[in-house]
2 protein chains.
Amino acid sequence: MALKYSKQRAIIMDFLKDRKDHPTADVVYTNVRKILPNISLGTVYRNLMLLTELGEIKKIQVGDGVDHFDSTTGEHDHFVCTECGGVFDLPVREAFDAARYAGPDFDGEITGYTLNLRGVCAGCLAKEHTA
Amino acid sequence: MALKYSKQRAIIMDFLKDRKDHPTADVVYTNVRKILPNISLGTVYRNLMLLTELGEIKKIQVGDGVDHFDSTTGEHDHFVCTECGGVFDLPVREAFDAARYAGPDFDGEITGYTLNLRGVCAGCLAKEHTA
DNA sequence: ACTAAAATAGTAATAGTTACTGAAATATTT
DNA sequence: AAATATTTCAGTAACTATTACTATTTTAGT
């Protein structure tokens, strides 16, 4: 039950803290392996899950069938590039009013929302223009 | 290249048209099998994909790791119940202004968005109260 | 150090989905 | 309506992302 220190978890957390993009478990794995060459993929998954439960990171799902992980835990939304698959943070805006959006007739209890914008990122747009 | 009629595809489409929830491929499979007992799961997937490409249905991903399929093709958003896993249509509201939400500093091209509200549906709330 | 609990590496299993193959259904041409 | 071409099929195998299992190693409290 009690949480014990683990070098693997510390390095995973450290890696995520420095990334502005939203790496997948596999990306975390291949990168952390540069420091801990025989860390196992299962360990990466287990710790990503644990860190998510602890609230130190967030698991985000953008509909590409792969989980992404984000060390920015505050409420914010994402932009997904349909060209390169990149996931980018959107600047935090005025809080989105989910209850108001659902409308007065909605009779469930709303606890949260997921909002992903979709399109082509600035980088891919630049590439298109030069091509 | 040319599309040919298939009984399997017709029945899949027919099944989806009558559903207000958003069945998964597996749900489509088990139900269509009542009519065509030896349809194969691969056929279901292939036709769901094809119908999606044709724009006759929509594939929706709500972050539960499974694809759902929706015969309501107009722009609308969804509510996902965290208790029962159900996916429900939200009434169509004033169009969500994605570009405005992204803010003036955003320098990509926005082509769409996905908005899922999350919470407990009316049915599950009722169950909780009686328990 | 000693011991109990937790975490690990490595591997196996699972779920959802996609790909492959020879046979059957559909459409087109004669 | 028979022959031919093309699509779709059922059935199965393969694949990807993730989770579970197990014997061994690490960690931390006594």
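**Contacts and rings**

Modeller: Leaving aside neighbours within four places in sequence, Thr43(A) is in contact (heavy atoms within 4.5 Å) with Gln8(A) and Ile12(A). Heads-up: this is a predicted model, where local features need pLDDT of at least 70, side-chain atom pairs count only at pLDDT 80 or more, and totals for chains, interfaces and linings use all residues. Residues are numbered from 1 along each chain as its sequence is written, chains are lettered from A and ligands numbered from 1 in the order written, and side-chain values use heavy atoms, without hydrogens and water.

Biologist: Is Thr43(A) buried or exposed?

Modeller: Thr43(A) sits in helix H3 (residues 41-54) of chain A; helices are DSSP runs (H or I, at least four residues), strands likewise (E, at least two), numbered from the N terminus. Buried means under 20% relative accessible area, exposed over 50%, partly exposed in between (1.4 Å probe, protein chains only). Thr43(A) has 15% relative accessibility, so it counts as buried.

Biologist: Why is the pair of Phe96(A) and Tyr113(A) called tilted?

Modeller: Rings of Phe, Tyr and Trp (its six-membered ring) pair if their centres lie within 6.5 Å; planes under 30 degrees apart are stacked, over 60 edge-to-face, the rest tilted. For Phe96(A) and Tyr113(A) the centres are 4.9 Å apart, and the pair is tilted because the planes are at 50 degrees.

Biologist: How many residues apart are Phe96(A) and Tyr113(A)?

Modeller: Phe96(A) is in the loop between strand E4 (87-89) and helix H4 (98-102) of chain A, Tyr113(A) in strand E5 (residues 109-120). The pair links distant parts of the chain, the separation being 17 residues.
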